[in-house]
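Hi everyone, thanks for making time for this. Have a look at it first, and then we'll go through it together.

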Amino acid sequence: MARQVKTSRKIAFTVIAWGVGLAIFFPILWTFLTSFKTEADAIADPPLFLNFHWTLENYTAVQERSDYFSHFMNSVIISVGSTLAGLVIAVPAAWAMAFVPGKRTKDVLMWMLSTKMLPPVGVLVPLYLLFRDAGLLDTRIGLVIVLTLINLPIIIWMLYTYFREIPGEILEAARMDGASLKAEILYVLTPMAVPGIASTLLLNIILAWNEAFWTLNLTAANAAPLTAFIASYSSPEGLFYAKLSAASTMAIAPILIMGWFSQKQLVRGLTFGAVK
Amino acid sequence: MATKHSRAAARLMISPAVLLLLGWMIVPLAMTLYFSFQRYNLLMPGMEEWIGLANYQYFLTDPAFFDALINTLLLVGGVLVITIIGGIFLALLLDQPFFGQGVVRILVIAPFFVMPTVSSLVWKNMFLNPVNGLFAHAAKALGLQPYDFFAQAPLASIIGIVSWQWLPFATLILLTALQSLDQEQLEAAEMDGAGPLSRFFYIMVPHLARAITVVILIQTIFLLSVFAEILVTTNGGPGTSSTNLTYLIYAQSLLQFDVGGGSAGGVVAIVLANIVAIFLMRMIGKNLEA
């Protein structure tokens, strides 16, 4: 039974919650606003909130200064590429473990998870040297390989927890109705698996997009995604707040939107199903 | 029912993933271990030789290692305390009925999706900068001396930035756990005369214990490897005052080209991470049976 909530109490909590929410969100909002300011307005004291001269010049400046678009494309290729490659490997594996569990399935799953616990810095040196010798340093394909492998355990785990929730009875029912194995997979299992695969895809693109250890250490100029592009603003020349804001806004906007859509799956994916 | 035929097929479907992860784990690990016993500097090619445990001896007795170890513990511990206490408060707040719950939830979660290099640079320049940052403006408006965050308190500043990034994660998980709490249990306790504080400590906290453990373990895994936030703000300095273990090994390997020493550090980092990992695996393993 729902309790009757007093309106005054609800209004009080509305004020507090919005205050706290806006405070946490403020740095993002401020970055967004600053990206439309002139460099002088960006450091004005007292700060200008909305009453400044709005301009788009920073966005064009960022593109001209360091070819934003090519870094953006690197991010897209690396995050989407590594996620798709991961799914191709993970879907059959998770499928088999969920529907044909063996005695050692649990051990295999736990072992896969344990590879994720390996601190990246522990294998930085050999990977750097292997990449150097193979000519993979500062290439997109090299980063796709690394990000596929580091996120593979998460992809398999997420898919496994989704697949395991597909009831086995529905397969038996389909079989009773005379469905062939092909029809079973195509018309019964696939439609039920698609939402899980989609959530996994979304979360993994977010993780790969924001990955900032390997992308910073294995790229220089050619394959640098947005994480590395933004890092180049850490040693600035002159006034640069507005340009930094414009670059930052463009770097986080697409993923922020995807993230908001995937917030429910986030908990499941990042806790390996331990909290749902 | 699984047949012999389907078992073979299943094995075939799993093997690519297993083989790739096995290679990914064993090849670099074996190389790290091998390099860690070698004198191997990229600036002195051809001088490689077996030197036993000397790299470990140098790495572990280097004062920078001790500093980095303390900084790593402070960073992980500080962020955990802030995000868990803050996360509990935020989860309790977001669980209350109010207008616009969905929107506020989205605002609170947003920092988690901001890439580390962006959040670090935005905080460093637009908020914490002692001349042009918003905090400096605010201090001046109040007639106070602006504070130079990264010079005076570099590690605390990084802890603050990383906490801002991870607070949404803790909040989201604790909120999810809180929403699975049986409302009738709370109402029953209330009717029996339990006040808000005893309801919190005797019903909510025990219910959240599992989620809190998960938050601690998963955040620890990620927080041990904090890197970009240090690279773009302080470069580990001044001195070693904001160098963590990950950054120290990075500096030794890729800035000083000391492959042997960096590898020894890598092995030490792996051993430390494994201690945490064992606890995490037990938690998740238990859940798998449920």
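Let me start with a cut-off: a residue counts as buried when its relative accessible area is under 20%, as exposed when that area is over 50%, and as partly exposed in between. Please also keep in mind that this is a predicted model.

With that cut-off in hand, take E39(A). Is E39(A) buried or exposed? Its relative accessibility is 12%, so E39(A) falls in the buried class. The side chain of E39(A) makes a salt bridge with K243(A), at 3.1 Å from N to O. This pair ties together distant parts of the chain: E39(A) sits in helix α2 (residues 39–42) of chain A, and K243(A) in helix α12 (residues 241–261) of chain A, 204 residues apart. K243(A) has a relative accessible area of 23%, so K243(A) is partly exposed.

How many salt bridges does a search of the whole structure find? Over all chains, the search gives four. Let me show you two in chain B.

One joins E49(B) and R39(B), whose closest N and O atoms lie 2.8 Å apart. Here too the pair links distant parts of the chain, with E49(B) in strand β2 (residues 49–50) of chain B and R39(B) in strand β1 (residues 38–39) of chain B, 10 residues apart. Both partners are partly exposed: E49(B) has a relative accessible area of 38%, and R39(B) has 40%.

The other pairs R199(B) with E190(B), and there the closest N and O atoms are 3.7 Å apart. R199(B) is buried, at 17% relative accessible area, whereas E190(B) is partly exposed, at 34%.

Now let's step back to chain B as a whole. Its secondary structure amounts to 13 helices and two strands. Why do we call chain B more spread out than a compact globule? Because its radius of gyration is 24 Å, well over the 19 Å that the globule rule gives for 290 residues. The C-alpha trace of chain B spans about 75 × 75 × 30 Å along its principal axes. Of the 290 residues in chain B, 54% are buried.

Last stop, the surface. K103(A), R104(A), R7(B) and R11(B) form a positive patch there. Among them, R7(B) belongs to helix α1 (residues 4–35) of chain B, and R7(B) is partly exposed, with a relative accessible area of 33%.

That's my tour, and I'm happy to take your questions.

Terms used. Residues numbered from 1 in each chain as written. Chains lettered and ligands numbered in written order. Predicted model: local features only at pLDDT ≥ 70, side-chain atom pairs only at ≥ 80, totals over all residues. Heavy atoms only, no water. Patch = residues over 30% accessible without salt bridge, like charges linked within 9 Å, V, L, I, M, F, W, Y side chains within 5 Å. Areas by Shrake-Rupley, 256 points an atom, 1.4 Å probe, with all protein chains shown as cover. Lys, Arg positive; Asp, Glu negative; His and termini not counted. Charge placed at Lys NZ, Arg CZ, Asp CG, Glu CD. Helix = DSSP H or I, 4+ residues; strand = E, 2+ residues; numbered from the N terminus. Buried < 20%, exposed > 50% of the residue type's maximum accessible area, 1.4 Å probe, protein only. Rg over C-alpha atoms; globule rule 2.2 N^0.38 Å.
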